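Work through the exercises below with the structure at hand. Each task is followed by a solution in steps.

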Amino acid sequence: MLLGLALLYVGAVLFLNGLWLLEHIGDKEIGVINIFVGVLTFLVACYSAFGPDADAASIKAAALTLLFSFTYLWVALNRYNGADGRGLGWFSLFVSITVLPIALQTLLGAQSVWDVWFGLCWAAWSVLWFMFFLLLAMRKPIAKATGYMTSLQGVLTGWLPGFLLLNGVLG
């Protein structure tokens with residue numbers, strides 16, 4: 001259930017961050033959802049890593065969840081401190097490279113439709129974080145494409161699977 005909770009709000013923040021990149025939401029306002037989801041996923045990760053049922057798998061899940069948490073918190077901080085985002089861009093490259101083998105592991109070990117979907121989500125997130133690297137660190141003019149991709153992934157890799165998990169349809 002914690003995965004469903006986290007993914008539902010990951011979907012919201014990605015969708016809204018996409019709208020922000022498309023200039024439909026202001027810089028200071030977008031920080032609110034990023035702080036909320038950053039803190040929420042941080043708490044989910046802490047419970048997964050240190051809670052009563054913590055094991056190697058839940059600690060790995062926590063480590064991967066923290067990649068999302070710190071991304072959202074960094075986005076929020078940059079909206080308030082005026083940073084240019086290059087550091088976040090380089091962090092995004094680190095994350096993109098880190099989650100690519102997770103996508104492959106998940107797909108190669110897939111035993112259900114959910115496993116395949118989740119593996120494809122990891123692959124999609126790797127691409128998205130790479131786009132953030134290109135946009136922020138390399139200064140490529142891909143804000144519009146990144147905005148559309150971010151919003152689309154918010155729905156397909158966050159909101160939809162989160163909603164389905166919370167309603168017992170997946171998982």
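A residue counts as buried when its relative accessible area is under 20%, as exposed when that area is over 50%, and as partly exposed in between. The model used here is predicted.

**Exercise 1.** Decide whether Phe-133 and Phe-130 are buried or partly exposed, and describe how their rings are paired.

Solution.
- Phe-133 has a relative accessibility of 8%, so this residue is buried.
- Phe-130 has a relative accessible area of 36%, so this residue is partly exposed.
- The two residues stand three apart in helix H5, which means that about one helical turn separates Phe-130 from Phe-133.

**Exercise 2.** Classify the ring pair of Phe-68 and Trp-125, and state which helices the pair ties together.

Solution.
- A pair of aromatic rings is described by two values, the distance of the centres and the angle of the planes.
- The count of aromatic pairs in this model is 15.
- For Phe-68 and Trp-125, the ring centres are 5.0 Å apart and the planes stand at 85 degrees; planes over 60 degrees apart count as edge-to-face, so this pair is edge-to-face.
- Phe-68 belongs to helix H3 and Trp-125 to helix H5 (residues 113-136), so the pair ties together parts that lie 57 residues apart in sequence.
- Phe-68 is buried, at 6% relative accessibility, and Trp-125 is buried too, at 2%.
- Returning to the pair of Exercise 1, the rings of Phe-130 and Phe-133 are 5.6 Å apart centre to centre with 40 degrees between the planes, and this pair is tilted.
- Phe-68 and Trp-125 are also members of one aromatic cluster, with Tyr-72, Trp-114, Trp-117, Phe-118, Trp-122 and Trp-129.

**Exercise 3.** Which helix gives the most residues to the nonpolar patch on the surface?

Solution.
- The patch is formed by Val-32, Ile-35, Val-39, Phe-42, Leu-43, Phe-70 and Tyr-80, and together these have about 630 Å² of accessible area.
- At least two patch residues come from each of helix H2 (27-50) and helix H3 (56-81).
- H2 gives the most, with five residues.
- Val-39 is located in helix H2, and its relative accessibility of 38% makes this residue partly exposed.

**Exercise 4.** Where is Lys-140 found, and with which residues is Lys-140 in contact beyond its neighbours within four places in sequence?

Solution.
- Lys-140 sits in the loop between H5 and helix H6 (143-166).
- Its relative accessible area is 43%, so Lys-140 is partly exposed.
- With neighbours within four places in sequence left aside, Lys-140 is in contact with Leu-134 and Leu-135.
- Between the C-alpha atoms of Lys-140 and Phe-91, which are 49 residues apart along the chain, the separation is 16 Å.

Methods:
Residues numbered from 1 in each chain as written. Predicted model: local features only at pLDDT ≥ 70, side-chain atom pairs only at ≥ 80, totals over all residues. Heavy atoms only, no water. Patch = residues over 30% accessible without salt bridge, like charges linked within 9 Å, V, L, I, M, F, W, Y side chains within 5 Å. Areas by Shrake-Rupley, 256 points an atom, 1.4 Å probe, with all protein chains shown as cover. Salt bridge = Lys/Arg side-chain N within 4 Å of Asp/Glu carboxyl O. Helix = DSSP H or I, 4+ residues; strand = E, 2+ residues; numbered from the N terminus. Buried < 20%, exposed > 50% of the residue type's maximum accessible area, 1.4 Å probe, protein only. Phe/Tyr/Trp six-rings, centres within 6.5 Å; stacked < 30°, edge-to-face > 60°. Contact = heavy atoms within 4.5 Å.
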